[in-house]
Amino acid sequence: MNDYGWFERGHVAIVTGASKGFGLAIARELARAGISLAIDARGEDALAAAERELSQSVEVVAIAGDVADAAHVHRLVEAAERRFGRIDLVVNNASTIGRSPLPPLEQLSPAAFDRIFTTNVYAPLHLIQHALPIVKRGSGGTIVNVSSDAAVEAYAGWGGYGSAKAALEHMSRILAAELEGSGVGVIVADPGDMDTELHRAAVPDADRTQLADPRDVAPALMRAIASPRPAYLRVALQAEVPVEA
Amino acid sequence: MSVAVSFALPAANEATSPPERRGLARDGVRLLVTDAASGLNRDARFRELPSFLRRGDLLVVNDSATIPAALTARRTDGPPFALHLSTRIAGDLWIAEPREPVERGERASLANGGAVTFLTPVDDRARLWYAALALPVPLEAFLARHGAPIRYRYVTEAFPLADYQTIFARVPGSAEMPSAGRPFTRRVLDDLHAAGVRVASITLHTGVSSPERRERPSREWYDVPARTATAVNATRRRGGRVVAVGTTVVRALESAAAGCEAIASRGWTDLVVTPERGVTLADGLLTGFHEPEASHLDMLRAFAGAPLLDEAYAHAIETGYLWHEFGDVQLLLAA
């Protein structure tokens, strides 16, 4: 048992982009809760370091690769199933902002737009498609798609990223409608401004002391995952700075 | 006893639709800051909220989500009438408000073969009833298909459930939106974070308020988790202020108060906060504007004192602040 409701030690989560930033923070929280992990990231060294750290508390499968590569996504799901025999949670965290500095839509090439959509929309869909049959074999599960308020608000320069996240969110709502009654819920999580590589690429001159630490935001996602599972939930996460008694 | 102040609410002060449908952003509604320390009322916009708070302050929000609790019931021999689910007691047993008189033991049909039986009134006013539901599908699915957000006469159009959710909504269970949290947006949360203001949450599922009757709020279910109790105590110990977002949060926090400390607790609460009882854990309250003679006004007086609050309300009416769940908000800071 742990603090996270329906989650039990021995359950299995896939987290993409888990070597750094928010993905690593989520993976750490899951590991603390005793959840076995299948993780990926593009950079082999950072991924290996994350695997070493996380595998001190839980079983970890780490596959280096780019979620934009459908074959890699397939391998990740296969590896998780082979090792653990089950998947209870899928966290689509890996994401790209595209070119930095952010170009206005007028100057965003279709090829660049396509790359953003490949990583931020098609890749999560591939992962969901491969993982769902396995998730459904269990007693229930949760799909988490990490989004952004750029999906909702119109921020100049965020045309590619914002459109892709808006697509991801609507896809999530439709998925939830299709999964009604299956025991699998869909969560869209908006983590807010965090001090991550993605944020540095998007807003290089931001005052980093004003940004939330992903390690303080991940626990809020954990509680959203653990709360009674509605078919669809969009949640704006807030950093929780631990306040000692 | 505090004397309930009477004032007439002009129609022009009623918000009849969400601000987003009036050309405003969610966080673009007005904010009246009533500061008991300076004895002043100040006009602002909600987006400026972080500038009225200090590093080390803690906002406590209600993460209860609104359910589409308004159903249509039909008698075999009569026209349909509205049925508002208020509070789930256990399983299929609810406290509910039929919007027409019903009799003990009466049964009415709901959509899709569902039915409701009115068992016995909650008290002798016979507005709220213990009612048993018999539904063909699980509650959540039934409400999603056949329910609508509860709406009172001042809201002139039916708006979707999303208009009745706050950014904090996580645990479904409120018959009416915990509306003080409605103006919060991602950017306000990020600004609060940058200003060193932290956010913690409680859960309190609101029952129906039926604003046309001016009654004390009925029994509601609440949960103050350990992390929030700890954050409240640590904030106060360090001289920070605890600001409750909504009267529901004050009710939950004060229900979890043991002396001047918050303790993690959950359960049913009947607590009504008045100036005589006072508030022990909250130093401020962000809330909407309340109806004349509403018992909530007693709670507001506990923060700002009667003369300053009367002044604030007179100013709000005169300068066109908007009332109700889609309206403007007030930040009350205790001295």
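Ala126(B) is found in the loop that runs between strands β9 (115–121) and β10 (129–134) of chain B, where helices (H or I, at least four residues) and strands (E, at least two) are DSSP runs numbered from the N terminus. The model is a predicted one, in which local features need pLDDT of at least 70 and side-chain atom pairs count only at pLDDT 80 or more, while totals for chains, interfaces and linings use all residues. Residues are numbered from 1 along each chain as its sequence is written, and chains are lettered from A and ligands numbered from 1 in the order in which they are written.

Phi of Ala126(B) is near 55°, a positive value in a residue other than glycine. Most residues other than glycine have a negative phi, and most peptide bonds are trans. Ala126(B) counts as partly exposed because it has 15 C-beta neighbours inside 10 Å; a residue is buried if 20 or more other C-beta atoms lie within 10 Å of its own, exposed if 12 or fewer, and partly exposed in between, with C-beta atoms placed from the backbone. A positive phi, near 80°, is also found at His324(B), again a residue other than glycine, and this residue is located in the loop between α6 (306–318) and β19 (329–333) of chain B. His324(B) has 20 C-beta neighbours inside 10 Å and therefore counts as buried.

Chain B as a whole contains six helices and 19 strands, and 47% of its 335 residues count as buried. Its C-alpha trace spans about 60 × 45 × 40 Å along the principal axes. The radius of gyration of chain B is 20 Å, which agrees with the value near 20 Å that a compact globule of 335 residues would have; this radius is taken over C-alpha atoms, and the globule rule is 2.2 Å times the number of residues to the power 0.38. Among contacts in chain B between residues at least 6 apart in sequence, 71% join residues at least 24 apart, two residues being in contact if their C-beta atoms, placed from the backbone, lie within 7 Å.

Chain B is divided into domain 1 (11–66 + 159–333) and domain 2 (70–146), with bounds that come from an automatic or database domain assignment. The C-alpha centres of domain 1 of chain B and domain 2 of chain B lie 30 Å apart, and nine residues of domain 1 are in contact with eight residues of domain 2.

The contact between the two chains takes 15 residues from chain B and 19 residues from chain A. On the side of chain B that touches chain A, β11 (171–174), α2 (186–194), β12 (198–205) and α3 (226–237) each supply at least two residues, and α2(B) gives the most, with five residues.

In chain A, the 28 residues of α4(A) should span 40 Å at 1.5 Å a residue, and its end C-alpha atoms are 39 Å apart, which agrees; the expected span is 1.5 Å times one less than the number of residues. A kink of about 45° in α4(A) is centred on Thr118(A), the bend at a residue being the angle between axes fitted to the seven residues ending there and the seven starting there. The buried residues of α5(A), among them Tyr161(A) and Leu168(A), pack against α4 (110–137), β5 (141–146), β6 (184–190) and β7 (232–236) of chain A.
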